[in-house]
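Subject: Structure handover

Hello,

Here is the structure I promised to pass on. Please open it first, then read my notes below.

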Amino acid sequence: MTQVVQPTKIVCIGRNYAAHAKELGNEVPPEPLIFLKPPSAVIGHRHTIRLPAQSQQVELEAELAVVIGEAGRWIAPE
C-alpha cells in the first residue's frame, strides 16, 4: 500500500556528519545547523529527480526522513 506524504514543514539538520563537511571544505560547527525546506522539496518513492537545465554540479547524498503523524511536545525517548 502506498501512502501519500504531504508535510506542512520540513526541519533539516546540516553538517552533522563531520567527515562529509570536512570533505567539502566546510567548517564543522560545535552543534549541527538547523534549517527548513519547503514542502515542495519532497518527491515520492521511485519518482524522477528533475534537475534544472543550468545545473553544473550535482552532489549525491542520501536523506533520512522521520514522519511524525501526531502533534507532540517534550516526548520522553522511551
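**What is in the chain**

Starting at the N terminus, the elements of the protein chain run β-α-β. That comes to one helix and two strands. Helices (H or I, at least four residues) and strands (E, at least two) are DSSP runs, numbered from the N terminus.

Some ground rules. This is a predicted model, where local features need pLDDT of at least 70, side-chain atom pairs count only at pLDDT 80 or more, and totals for chains, interfaces and linings use all residues. Residues are numbered from 1 along each chain as its sequence is written, and side-chain values use heavy atoms, with hydrogens and water left out.

**Confidence**

pLDDT is the predictor's confidence in each residue, from 0 to 100. The protein chain has a mean pLDDT of 81. In it, 91% of residues reach 70 or more. Among the elements, helix 1 (residues 18-23) has the lowest mean, 81. Strand 2 (residues 33-37) has the highest, 90. Where pLDDT is low, the predicted coordinates should not be read in detail.

**Overall form**

The radius of gyration, taken over C-alpha atoms, is 16 Å for the protein chain. A compact globule of 78 residues would have one near 12 Å. That globule rule is 2.2 Å times the number of residues to the power 0.38. Along its principal axes, the C-alpha trace spans about 40 × 35 × 20 Å.

How much of the protein chain is buried? Buried residues make up 5% of the 78. Buried means under 20% relative accessible area, exposed over 50%, and partly exposed in between (1.4 Å probe, protein chains only).

The accessible surface of the protein chain comes to about 8300 Å². Carbon and sulfur atoms hold 55% of that surface. Accessible areas come from the Shrake-Rupley method with a 1.4 Å probe; for residues, only the protein chains shown count as cover.

Now contacts, meaning heavy atoms within 4.5 Å. Take those between residues at least 6 apart in sequence: 42% join residues at least 24 apart.

**A nonpolar patch**

Which residues make the nonpolar surface patch? They are Val11, Ile13, Ile34 and Leu36, and the patch covers about 450 Å². Strand 1 (10-14) and strand 2 each give two or more residues to the patch. Like charges are joined within 9 Å, nonpolar side chains (Val, Leu, Ile, Met, Phe, Trp, Tyr) within 5 Å.

Val11 lies in strand 1. Val11 counts as exposed because its relative accessible area is 54%.

**Single residues to look at**

- Glu31 sits in the loop between helix 1 and strand 2. Glu31 is exposed, at 61% relative accessibility. Glu31 and Asn16 are 15 residues apart along the chain, with C-alpha atoms separated by 7.6 Å.
- Ser40 lies in the segment after strand 2. Ser40 is exposed too, at 65%. Ser40 and Lys9 are 31 residues apart in sequence and 9.7 Å apart in space, C-alpha to C-alpha.
- Gln57 is also in the segment after strand 2. Its relative accessible area is 62%, so Gln57 is exposed.
- Trp74 belongs to the segment after strand 2. Trp74 is exposed, at 78%. Trp74 has a positive phi of about 55°, although it is not a glycine.

Best wishes

Key: Patch = residues over 30% accessible without salt bridge, like charges linked within 9 Å, V, L, I, M, F, W, Y side chains within 5 Å. Salt bridge = Lys/Arg side-chain N within 4 Å of Asp/Glu carboxyl O.
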